[in-house]
Amino acid sequence: MRVLQISSARSIGGGERHVVDLTNELTERGHDIFVAVVPGSPLPTALSRVPPRNMAEFPLRNALDVSSAIKIARFARQYEIELINAHFAKDYPIAALAARIAHIPFIVTRHVLFPMNRLHRFFLRTVKYVIAPSNAVAKSLRSQRLFPDEKVVTIRYGLDMARFPQRRTLDREGICIGSIGNLDPVKGFDLLIRSAGIISARRQDVRFSIVGEDRSRDGHNEKLFRGLIAELNLNDAVELTGWSDDITEVLAGLDIFVSASRSESFGFVLAEAMLSGVPVIATETEGAKEIISDPSLGQLVPVDSPERLADAILHLLNDRQKRDQLAKYGREHVQKHFSLRRMVDETEALYRKAIGDQ
């Protein structure tokens with residue numbers, strides 16, 4: 001197949017990781033996969049298996065960027081592309097117009113739970129399928145009634161198992177609790193910091209590492225978090241480390257992974273932590289509940305409750321046997337249910353169906 005992936009992403013998170021893994025694997029399987037990105041995109045560096053000639057830059061300024069749509073349509077015709085898959089909301093109308101001009105089908109992947117704009121009903125009226133990477137996203141899409149139910153197809157995220165070997169035992173002092181994600185209020189890092197305050201009052205051997213970058217224009221989120229750390233006198237206990245390109249190394253250094261998110265469509269990094277053999281505590285978001293479907297796989301706590309989160313962390317710190325159990329069963333669960341091979345198999349089949357229906 002000859003498929004064009006469109007992504008205007010300017011940084012790499014869970015949705016972008018999905019695009020990278022899917023594209024690399026489809027290329028490895030012999031498909032001719034092309035990628036449309038914005039200037040300065042981080043994706044080409046990660047797309048190690050895609051030939052440079054298959055990648056092209058377009059402005060992708062906003063949802064009404066007709067100029068980009070026309071250029072993408074020309075690109076699609078030039079390379080005899082059979083299908084377009086767009087991954088982010090502002091790229092959807094561009095993909096729809098480009099597909100219409102080039103007379104090829106298009107698919108969109110919805111990576112978040114936030115409601116789609118009603119204008120999408122108009123822009124996406126000819127979409128072949130809408131891929132939901134979790135049951136939670138599929139449920140959200142169907143409740144919005146923007147598309148016929150049969151157009152919404154759940155293909156749950158998959159992880160590259162080879163990237164996450166069993167966590168090795170590190171020689172170090174103290175205990176490290178960690179969390180990874182963009183420094184955004186929805187990720188609940190303020191809740192984790194407040195939980196750290198409760199825990200630090202009882203134990204002096206625990207430190208907290210928050211790995212992520214602030215993508216806000218003026219960096220106000222990081223300033224707020226640093227202010228809260230100072231206010232609670234936690235400068236020696238809580239560290240904002242900035243972003244890391246080596247998530248496997250970060251996870252290898254953690255005793256417990258914590259997600260304090262207020263909303264999560266899937267929880268990509270939760271699955272990565274579990275696959276790495278790190279015991280996980282997470283708030284009861286829709287995405288987290290989909291991955292941690294049984295108490296033997298991880299611990300769930302209420303959203304927006306630093307006290308309950310602190311209690312769960314303290315309890316797990318005091319129960320080595322429980323930590324070992326969560327690490328073992330969590331890893332086995334992700335290996336069985338969230339493999340990259342399964343995700344790509346299902347996506348490949350849907351692509352063939354979309355192309356064949358023309």
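Good morning. Please keep in mind throughout that the structure before you is a predicted model.

I shall begin with the sheet. Seven strands form an open sheet, and their order is E3-E2-E1-E4-E5-E6-E7. The pairing in this sheet is parallel. Which strands stand at the edges? They are strand E3, residues 55-57, and strand E7, residues 152-154. Each of these has a single partner strand, so one side of each is left without a neighbour in the sheet. From one strand to the next, the twist averages 25°.

Let us now turn to strand E1, residues 2-6. Of its 5 residues, 4 are buried, so that the strand is mostly covered. E1 pairs with strand E2, residues 32-37, in the parallel sense over 5 bridges. Within that pairing, Val 3 has Ile 33 in E2 as its bridge partner. E1 is also joined to strand E4, residues 83-86, by 4 bridges, and these two strands run parallel. Here Gln 5 stands opposite Asn 85.

How do we pass from E1 to E2? Together with helix H1, these two strands make a right-handed β-α-β unit. H1 covers residues 14-28, and its 15 residues reach 21 Å from the first C-alpha to the last, close to the 21 Å expected. The helix is mostly covered, with 13 of its 15 residues buried. After H1 comes Gly 30, whose phi is positive, near 100°.

Ile 107 stands opposite Tyr 129 in E6. Helix H6, residues 135-144, packs on the sheet and touches E6 and E7. The direction of H6 makes about 170° with that of E7.

Is Val 258 buried or exposed? Val 258 is buried, with a relative accessible area of 0%. Leaving aside residues up to four places away in sequence, Val 258 touches Ile 177, Gly 178, Ser 179, Leu 192, Ile 281, Leu 309 and Ile 313. By contrast, Val 258 and Gln 78 are 47 Å apart in space, C-alpha to C-alpha, and 180 residues apart in sequence.

Thank you for your attention.

How values were computed:
Residues are numbered from 1 along each chain as its sequence is written. This is a predicted model: local features need pLDDT of at least 70, side-chain atom pairs count only at pLDDT 80 or more; totals for chains, interfaces and linings use all residues. Side-chain values use heavy atoms; hydrogens and water are left out. The expected span of a helix is 1.5 Å times one less than its number of residues. Buried means under 20% relative accessible area, exposed over 50%, partly exposed in between (1.4 Å probe, protein chains only). Two strands pair if DSSP finds at least two bridges between them. Axes are lines fitted to C-alpha atoms, for helices over the stretch in contact, and angles run from 0 to 180 degrees between N-to-C directions. Contact means heavy atoms within 4.5 Å. A crossover is right-handed if, with the strands pointing away from the viewer, the path from the first strand over the helix to the second runs clockwise.
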